[in-house]
Amino acid sequence: MTDTYKDSGRAGLEDVDEFVDILEERRRSSDLGYAFRTFNPQPYKGAPSCSTADLNKAVLESQYLSYMAKEIAMETGSSVEEVREEVCGILEEMSQNLQLGFIRMMAYTLSKVFKRLFTSILVNMEGLNMLQQAVQESPVILMPNHRSYMDFLAISYILFTYDIPVPVIAAGIPLAGMKMVGEILRRSGAFFIRRAIGSDKLYWAVLSEYVKTIVRRGFAPVEFYVEGLRSRTLKSLLPKLGMMHMVLEPFFKGEVYDITLVPISISYDRVLEESLLAHELLGVPKPKESTTGLLKATKVLQENYGSMHVNFGRPLSVRQLCHGKINRCQFNLVPRDLPQQPSAEAQACVSWLAHLMVRIQEEGLLISPWSLMACMLLQAPTTVLTEEGLLWHQLTEKTLWLRKLALDFGARLNWPGQVPDSDVISSTVALHCSVVQRKAGRVYLVQENEPLRKCPISPEDGVIRMAAPLLMLASYRNQSMHVFVRPAMLATAIRVTESTQRDELFSFFCFLQDVFSNEFIFIPGKSPQDFEEACVLLKKCGAVNFSQQEVMVLDAGSEVLSFLQALLQPFIDSYQVMFRYLCEEGVHVLSEKQFLPAVRNLATELILSGELCTYEALSSDMQKNVLSALRRLEAVTKLRASEQNEYRVNKAAVRRIGDILSRKIPPQMLQTTPDARL
């Protein structure tokens, strides 16, 4: 790790004792009194509140939008007035209308809801105190990870509780269409963004100027998800750079002295949408956001979702982070109000910052006992989980072994220290009774209840029925993958290469990073540091020793290496299924719409035949990640003229990647290949 990464990544991570349960006070006092207490936030340099009308007027009258309106009018043959009318319509659809009265109403409602859903909402006070100071000194960008619809509600609730300015929040446009709820969210600070903007220049211009105006004025923090979407697999997604460019541009152009980024790590014992997310991964359409749907979902209030941890990271100065990484003089060559294509240097800087924020979010997560148990459960054969049952004492021993390994690797665990380990594990299984159940000293996977049928269930339907709880388990395992993935890649390199030579292991490690960089977060250009970190962690747990030239496996390291190899194996096996489909006869050009069901059918056949053990190949997110990885590796090319997202397959390149993963091509050839990536 670089020094910058170490400093920024570790600085916001406090001892578990530093977390305070904000629901404890709510359970003792009046929710109405809490919601209507004096709210006295201290904004950036005392910036006055900015009404919706004032903000929209500033955006409409900006030189940048005036220039863009004239340019688009010339391109489309419309009048400037018509374009400006369209701008007004976009702003009306998009803009937030933050009002204290609605914040109070949300605070009252959320107090009731949170007390029903969670046993506790734990917040690190040192991070919150640093945020309280930071919002007074420069414009603040709040950057939480995104695992649940609860995320942005919880952050606004916490900031209101501690007299910190409530943020304006980038939200998806479907939420705006929810009757009453959409307007409540708008008046609680949400501004709504279309999901598919594409090449709509006018929409990009309005959104960009809207966001930059909020940052320049600094009347409220801006909150957005750098991952862009809610993660359906509960692991970090590759950052999206559009919004990141927008919030940083006022600093690049010298319109503000500095901007403060605050990474926020939100960890759930149990995610409200766990079943919904698993079914979405299996191709079940996502329910449309609606008020009716929200009311139907009130049954979740009858269930227990354990604890939520909200870890506010150390506020990070963009000015300091970007020092030496970007020459801001280039922005002085063009008037600030004119559109400017970001340079390669600026794009690289923004990409680096975005990846860094996601890595810091990962470092701030608290790993639950259930995540460790999910790692172990998924390494048991499916028949054991469904028919024989996994012995309780065996699961307990393995989980406690993994807890020690996770701590050796520097993980931060949400494991109660004052409670006997057996009680922690028992209560964890009870919390996740929708996925597993304990009977007669064994643990079994809970399969979905099927409605009564006139005809027996087909084998293919049986696979899908089995896949839902297994994908839920995989999602909870994913919550801790960032802790293990680097040593797991080195363990896999050791097994595949059968080499002790450090340079050969490093080449295969980099190959794995290239193949799986849509699955896991790696900061661009930091492969040597990642490899060094993997070596150090494996040495720390007694699995290897290493020198400048060699990495030597120790006798005591076989259990650790076997576990880590097995942890990465479902990803390798799932990718191989998709490589196999792409290399079949007749597959030369395909669309994403064809690819997903075809691969799911192939994976189902292989599971039924016993050739494939993992059900994760059925996940649509993993299937899309394979396409993205192959595009990046130039083994698949998107056809430009295609409106259906069609791709041309280079079968030789796809086959070569698969053959390297399966050891059909000696990994040593990686060092001599003319293509540095492969």
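Helices here are DSSP runs of type H or I with at least four residues, numbered from the N terminus. With that in hand, welcome to this structure, which is a predicted model.

Together with Phe36 and Tyr108, Leu32 makes a nonpolar surface patch of about 320 Å².

## A patch of negative charge

The surface also has a charged patch. Here Glu460, Asp461, Glu584 and Glu605 gather, and the charge they bring is negative. One of them, glutamate 605, belongs to helix 27, which spans residues 592-609. With a relative accessibility of 53%, glutamate 605 counts as exposed, because the exposed class takes in residues over 50%.

## Salt bridges

Side chains of opposite charge can pair when their charged atoms come close. In this model there are 33 salt bridges. Three of them are set out below.

| Salt bridge | N to O distance |
|---|---|
| Glutamate 24 and arginine 28 | 3.3 Å |
| Glutamate 227 and arginine 147 | 3.2 Å |
| Arginine 502 and glutamate 532 | 2.5 Å |

Where do glutamate 24 and arginine 28 lie? Both are in helix 2, residues 22-28, and they are four residues apart, about one turn of the helix. Glutamate 24 is partly exposed at 45% relative accessibility, while arginine 28 is exposed with a relative accessible area of 59%.

The next pair brings in parts of the chain that are separated in sequence. Glutamate 227 and arginine 147 meet through their side chains in a salt bridge. Glutamate 227 is in the loop between strand 6 (222-223) and helix 13 (242-252), and arginine 147 is in the loop between strand 3 (140-144) and helix 9 (150-161), so this pair ties together parts 80 residues apart in sequence. Are these two residues buried or exposed? Glutamate 227 counts as buried, at 0% relative accessibility, and arginine 147 is buried too, with a relative accessible area of 5%.

Arginine 502 and glutamate 532 form a salt bridge in which the closest N and O atoms are 2.5 Å apart. Because arginine 502 lies in helix 24 (residues 502-515) and glutamate 532 in helix 25 (residues 527-540), the pair ties together parts that are 30 residues apart in sequence. Arginine 502 has a relative accessible area of 14% and is buried, whereas glutamate 532 is partly exposed at 32% relative accessibility.

Salt bridges can also share partners. In this way Arg230, Arg232, Glu273, Glu280 and Asp621 are joined into one network.

## A stretch named in UniProt

An unreviewed UniProt entry lists residues 140-269 as "domain: Phospholipid/glycerol acyltransferase". In the model, this span is 39% helix and 19% strand, and the C-alpha atoms at its ends are 29 Å apart.

Most residues other than glycine have a negative phi. Which values do aspartate 163 and methionine 180 take? Aspartate 163, although not a glycine, has a positive phi of about 55°. Its place is the loop between helix 9 and strand 4 (168-172), and aspartate 163 is partly exposed at a relative accessible area of 23%.

Methionine 180 is not a glycine either, and its phi is positive at about 65°. This residue falls in the loop between helix 10 (173-176) and helix 11 (181-187). Methionine 180 counts as exposed, at 66% relative accessibility.

## Buried residues and their partners in space

Two more residues round out the tour. Leucine 612 is in the loop between helix 27 and helix 28 (620-632), and at 8% relative accessibility leucine 612 counts as buried. Along the chain, leucine 612 and aspartate 573 are 39 residues apart, and 7.6 Å separates their C-alpha atoms.

Glutamate 533 belongs to helix 25. At 17% relative accessibility glutamate 533 counts as buried, because that class holds residues under 20%. How many residues separate glutamate 533 and leucine 490 in sequence? They are 43 residues apart in sequence, and 10.0 Å apart in space from C-alpha to C-alpha.

Terms used:
Residues are numbered from 1 along each chain as its sequence is written. This is a predicted model: local features need pLDDT of at least 70, side-chain atom pairs count only at pLDDT 80 or more; totals for chains, interfaces and linings use all residues. Side-chain values use heavy atoms; hydrogens and water are left out. Patches are made of residues with over 30% relative accessible area and no salt bridge: like charges are joined within 9 Å, nonpolar side chains (Val, Leu, Ile, Met, Phe, Trp, Tyr) within 5 Å. Accessible areas come from the Shrake-Rupley method with a 1.4 Å probe; for residues, only the protein chains shown count as cover. A salt bridge is a side-chain nitrogen of Lys or Arg within 4 Å of a carboxyl oxygen of Asp or Glu. Lys and Arg count as positive and Asp and Glu as negative; His and the chain ends are not counted. The place of a charge is taken as NZ of Lys, CZ of Arg, CG of Asp or CD of Glu. Helices (H or I, at least four residues) and strands (E, at least two) are DSSP runs, numbered from the N terminus. Buried means under 20% relative accessible area, exposed over 50%, partly exposed in between (1.4 Å probe, protein chains only). UniProt positions are given in the numbering used here, feature names are shortened, and annotations may be inferred rather than shown by experiment.
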